[in-house]
Amino acid sequence: MKEKIGVYVCHCGKNIAETVDVEEVTKFASGLPGVKIARHYIYMCSEPGQELIKKDIKEHGLTRVVVAACSPTMHEPTFRRACADGGLNPYLCHMVNIREHVSWVTEDKELATEKAMDLIAAAVNRVIYNEPIQTKKLPIVPAVLVVGGGIAGITTALNVAEAGIKVYLVEKTPSIGGRMAQLDKTFPTLDCASCILTPKMVEVAKHPNIQILAYSEIEEVSGYVGNFKVKIRKKPRYVDESKCTGCGTCAEKCPVRVPNEFDMGLSSRKAIYIPFPQAVPRKYTIDAEHCLYFQKGVCRVCEKFCDRKAIDFNQKPEIIEVEVGAIVIATGYDIFDASKIPRYGYGRFDNVFTSLEFERILNASGPTNGKIVLKDGRTPSSIAIIHCVGSRDENYNKYCSRVCCMYSLKFAHMIKERIPDAKVYEFYIDMRAFGKGYEEFYKRVMEEGVEIIRGKVAEVTDIPLTPEEEGKLIVVAEDTLLGVVRRVPVDMVILSVGLVPRKDAPEIARMFNLSIGNDGFFIEKHPKLAPVATATSGIFIAGCCQGPKDIPDTVAQAEAAAAEAIDLISKGYVETEPYVSIVDPERCSGCRICISLCPYGAISFNKDKEIVQINDALCKGCGTCASACPSGAIKQLYFTDKQILSEIAGLLAVKKEKPPESIVVSKPS
Amino acid sequence: MQKPYDISTRAIMKHLGADLVELEDWNCCGATFYHSVDELQALVLSARNLALAERMGNNLLTICNACYTNLLKTNMYLKKNANLNKTVNEILEKIGLSYHGSVKVRHILEVLVNDVGEQSIKEKVISPLKDFKVAPYYGCQIVRPFHIFDDPEFPTSMDRLISWIGATAVSYPLKTKCCGGMLSFLNKEACLGLIKDLLQSAVKSGAECIATCCPLCQTNLEMFQEDVNKKYNIQLSIPIVPFTQLIGLAFGLSPDEIGLKAMLVPLKKKIT
Amino acid sequence: MRTKKQEGLMLEQAFKDDLRTILDGNKIEACLQCGTCTASCPVSYLMDYGPRKLVALCRNGMLEEVLRSNTPWMCVSCYLCTTRCPAGIRITDLLYEIKRLAKKSGINQPTNGYEVLSEKFIEQVEKYGRVNEMRLTMSLILKNLSRMFDTVPLGLKLLRKGRISLTSIIKSESIKNIKDLTQISERIKLRGSG
Ligand SMILES: Cc1cc2nc3c(=O)[nH]c(=O)nc-3n(C[C@H](O)[C@H](O)[C@H](O)COP(=O)(O)OP(=O)(O)OC[C@H]3O[C@@H](n4cnc5c(N)ncnc54)[C@H](O)[C@@H]3O)c2cc1C
């Protein structure tokens with residue numbers, strides 16, 4: 001045997017060593033053919049652990065390394081780097097997972113030890129046939145695509161642009177701003193949402209490195225980290241953006257009234273509109289679904305009154321293609337549909353509102369100019385706020401939506417401020433005031449005389465049982481701290497609805513190759529250590545599309561995503577996939593079966609030579625072509641037949657000290 | 001005591017051309033009582049009925065909410081718990097039966113709304129119950145705990161059915177609130193309170209009659225109206241009829257055919 | 001003689017075992033104590049604890065209190081608590097379980113006549129295979145659960161309307177294979193199951 005193999009068995013503290021007998025395993029490994037040295041160590045990933053490998057390579061002239069430790073997704077790069085530092089091609093190092101695959105999932109120590117030995121035997125047998133692999137460095141397109149123009153997308157865009165990198169900010173609706181633009185004040189400091197958001201929106205509009213593509217959607221994504229190609233569909237506004245000054249005459253004259261989605265339907269807008277006064281870009285949009293001209297072929301009043309001749313009924317959707325090195329997804333959230341819980345009366349009773357509707361009611365530019373009033377215009381003298389609507393509930397969403405407790409307390413405070421005599425009730429299960437300054441805010445609201453009742457509301461009814469309940473909405477809940485069922489008559493009910501994924505999240509996930517969790521939100525690469533990266537390299541997530549969170553957390557995550565994107569782009573290159581497939585030109589018959597199967601479009605046909613060729617910048621190493629090739633002409637680096645078969649042979653090899661099962665004589669029963 | 005519901009169901013189904021076969025030698029499933037004494041026995045009793053139906057090669061139709069829940073529960077428990085399934089079948093074997101879980105359990109309301117459907121019902125209506133306001137009362141166990149064909153608290157199937165026969169279903173919030181059930185035997189006072197709320201809510205919403213889809217609900221709401229009046233010093237007199245009778249009327253069946261004369265509070269002349 | 005403590009432990013074990021067999025029984029561990037059940041219950045005002053506290057007692061192993069409670073016996077099986085429970089606890093089924101355990105344990109339950117009613121109902125099922133309301137009511141009157149005075153006027157009315165018949169009490173016809181039900185009962189008693 002010409003190869004000299006080093007085997008390293010990690011204890012991972014007690015994670016492995018408690019279940020696997022590492023000493024026995026090491027002893028076993030040292031007896032395997034080709035093994036020059038076998039060691040075990042408490043933390044192989046630590047500096048001294050890595051040093052062991054480097055030293056052994058030099059001193060013992062190791063030509064192959066096997067590390068039996070945790071999952072390769074965790075530390076393969078670590079050990080490959082150590083080998084490279086020691087002067088060995090990193091792909092001559094192979095990892096065995098004896099933690100996730102063995103110690104964490106096996107109770108019996110003996111069985112665990114045996115399994116660890118088997119896996120190591122397999123690795124030793126395969127590593128002999130490992131071949132050095134050289135990767136290539138490819139240039140990166142110095143531009144970033146940000147999808148979603150809420151506070152998350154805005155923050156990321158600004159940070160990236162400030163680093164001197166080009167940003168395309170794609171927003172689905174006619175204006176950037178997202179949900180934050182709809183809010184009145186923000187907990188716990190009560191800054192006015194617009195006051196802190198509008199300057200940022202303006203900054204985005206003015207930034208020379210940012211191109212806003214509002215009223216646009218992603219059509220198609222291709223390419224790979226560093227070199228994505230994105231097709232964006234710009235929907236027709238039927239208004240020439242270069243001519244529109246945002247004067248608003250068109251909307252003034254437009255005869256059609258439509259429920260205003262920005263006010264959650266509590267007010268109306270015209271068929272030509274800007275979503276809200278501070279909209280960016282401040283360009284009008286014709287809502288073709290409601291426009292008389294598009295629906296009935298008549299009217300065109302807006303066109304008549306537009307001095308700048310900006311109205312263009314013939315505008316067509318436009319496809320814009322951009323190339324970017326990194327992508328940040330920040331598509332945000334929707335709110336839980338309260339009508340799914342009919343017992344809370346939403347849609348049945350006039351004065352039951354969702355929290356987002358109430359934000360609009362509170363807002364000075366909202367449907368009631370900031371006055372808290374009932375549907376009939378009266379001022380309410382009592383208001384109940386119901387927490388956890390659609391959250392923490394196995395019937396709807398299991399997760400906690402994280403912001404509702406705080407915004408509910410904010411509501412109580414705002415009501416007390418505007419109607420000091422009003423009775424305000426908060427019905428909660430657990431009060432989650434976890435952030436900086438949040439608990440203090442909770443105390444403050446309590447001191448303001450808000451009645452805080454611990455109990456989940458069973459129902460809201462309009463059937464009175466006593467004269468005081470006549471004409472009221474009665475909120476029924478058990479005050480669980482008193483152990484009494486209470487019926488609280490109020491004028492208005494606010495439902496603190498939870499945050500849910502955007503309806504098109506699955507579609508976005510498919511396009512960008514993201515994973516979606518059980519809760520429907522996008523999943524980050526690692527819940528602690530890689531909070532904004534995703535399983536697809538070069539694509540990051542930020543804000544509520546990853547899970548419910550408040551503005552401080554959203555901004556922190558957005559800045560992290562920006563930093564990751566800047567990091568990637570400033571490195572200047574990406575390394576190609578090592579495990580690409582290669583074609584043996586001698587054996588390729590030119591049948592082209594592989595071309596139709598390749599999901600990445602990496603294979604093309606060379607007409608001159610009449611064989612296929614693989615673009616290793618596009619190849620992701622999935623191996624589909626290699627297994628499909630009828631003449632065995634394609635092999636995938638690191639997963640050649642020889643390597644895999646040797647691994648299997650190693651796994652099945654009979655261990656010396658134990659006779660194989662087949663020759664154990666079973667007693668007659 | 002539930003003859004009218006029985007008679008009217010058979011009458012309208014016959015009229016619709018449906019073939020109902022009475023389950024031979026069926027037994028009472030014990031309503032809720034066995035569950036309080038011996039779960040296994042409760043399940044076996046329902047399983048016997050299911051096994052009989054399976055042997056006849058039929059699905060099982062019931063007109064009672066409690067039977068419906070018990071049968072569904074048995075089906076579900078046996079499906080989810082293999083051990084239980086084995087035990088139950090061991091007992092069934094002793095009486096020469098076995099059950100393999102193939103029987104679908106259906107409630108008459110669900111069948112009329114979803115299987116027979118709007119068109120077939122409307123086709124048969126010859127005297128629509130115009131200007132007649134009906135409060136549909138679903139009771140509990142038709143939608144709870146298993147809400148298979150409708151919302152657990154705000155169901156609409158009977159509302160739709162009522163509109164198909166030309167009547168108006170009034171909306172009132174208590175349509176799935178409890179009528180007291182067995183409490184009528186145990187704590188009549190409490191039961192009367194629940195019944196009063198129900199009746200009053202229906203009357204307040206303009207109902208001229210309450211349609212029920214469960215024998216016990218029908219009994220409770222109908223029988224105790226006078227006691228409610230006495231206790232609360234009010235004057236309620238609203239007919240409580242199985243919904244199948246209303247369909248029968250709209251189909252032009254005679255009052256005798258659908259057992260209308262047996263009701264304690266008669267329906268208004270204008271529709272009969 | 002077992003000590004009180006031993007008996008308590010055995011009960012607790014029996015309860016835990018049973019919880020495992022009833023569907024989603026383990027979910028009581030994840031109860032949020034939010035009170036939806038108690039506030040939804042149409043008769044919780046008649047109950048000493050109500051479902052929420054009862055779940056808390058179960059969870060804390062205070063079985064004696066649980067078994068003495070009147071809460072399960074007041075339940076009308078409307079399942080509102082069950083469908084609304086945000087923790088997915090089948091509260092109605094839990095209450096059935098507690099009733100069964102109370103019977104097994106022999107601890108005196110507070111009675112609102114539930115036992116008599118259930119006994120008489122079951123008696124009818126086992127004797128005839130079906131329940132005749134007239135017969136049931138008569139047997140309840142005999143047990144003082146229903147008052148003759150209350151039922152007679154209503155009974156007469158029903159008789160007149162043909163909704164009940166006197167012959168049905170006298171002519172005690174049962175289902176054909178009533179021995180099936182006797183067999184089932186015997187089998188189950190033999191298993192000593194619960
Ligand atoms: C009632 C209520 C009150 C709140 N109050 C507070 C508070 O006081 N303080 C606080 O800190 N937090 C508060 N929050 C939370 C706050 O709203 C969020 O933290 C914040 O809005 C998250 O920002 P985002 O950018 O992640 O998402 P969003 O604001 O949802 O922005 C996402 C953007 O992406 C766009 N988009 C979506 N899909 C696509 C697509 N496919 N293509 C292109 N663009 C797309 C959307 O149109 C939107 O503009 C509150 C939440 C609610 C519901």
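Author: Buried area is the accessible area, taken with a 1.4 Å probe, that two parts lose on being put together, summed over both. In this predicted model, the area buried in that sense between domain 1 of chain B and domain 2 of chain B is about 1900 Å². Carbon and sulfur atoms give 73% of this area. On the side of domain 1 of chain B, the residues that lose the most area to domain 2 of chain B are Tyr5(B), Ile12(B) and Asn65(B). Together these three residues account for 33% of what the domain 1 side buries.

The two partners are bounded as follows: domain 1 of chain B covers residues 3–106, and domain 2 of chain B covers residues 126–259. Their C-alpha centres lie 25 Å apart. To the contact, domain 1 of chain B brings 20 residues, while domain 2 of chain B brings 25 residues.

By class, the domain 1 side that touches domain 2 of chain B has 13 nonpolar, 6 polar and 1 charged residues.

The contact of chain A with chain C may be set beside this one. There, 17 residues of chain A are in contact with 18 residues of chain C. These two chains bury about 1400 Å² between them, of which 46% is on carbon and sulfur atoms. Glu394(A), Lys456(A) and Glu478(A) supply 33% of the area that chain A buries against chain C, more than any other three residues. The count of salt bridges between chain A and chain C is 3. Glu394(A) takes part in a salt bridge with Lys27(C), in which the closest N and O atoms are 3.0 Å apart. On the chain A side, strand S24 (457–461) and strand S25 (473–479) are the elements that give two or more residues. S25(A) provides the largest share of that side, 3 residues. By class, the side of chain A that touches chain C has 5 nonpolar, 4 polar and 8 charged residues.

How values were computed. Residues numbered from 1 in each chain as written. Chains lettered and ligands numbered in written order. Predicted model: local features only at pLDDT ≥ 70, side-chain atom pairs only at ≥ 80, totals over all residues. Heavy atoms only, no water. Domains from an automatic or database assignment. Contact = heavy atoms within 4.5 Å. Nonpolar A, V, L, I, M, F, W, Y, C, P; charged D, E, K, R; others polar. Salt bridge = Lys/Arg side-chain N within 4 Å of Asp/Glu carboxyl O. Helix = DSSP H or I, 4+ residues; strand = E, 2+ residues; numbered from the N terminus.
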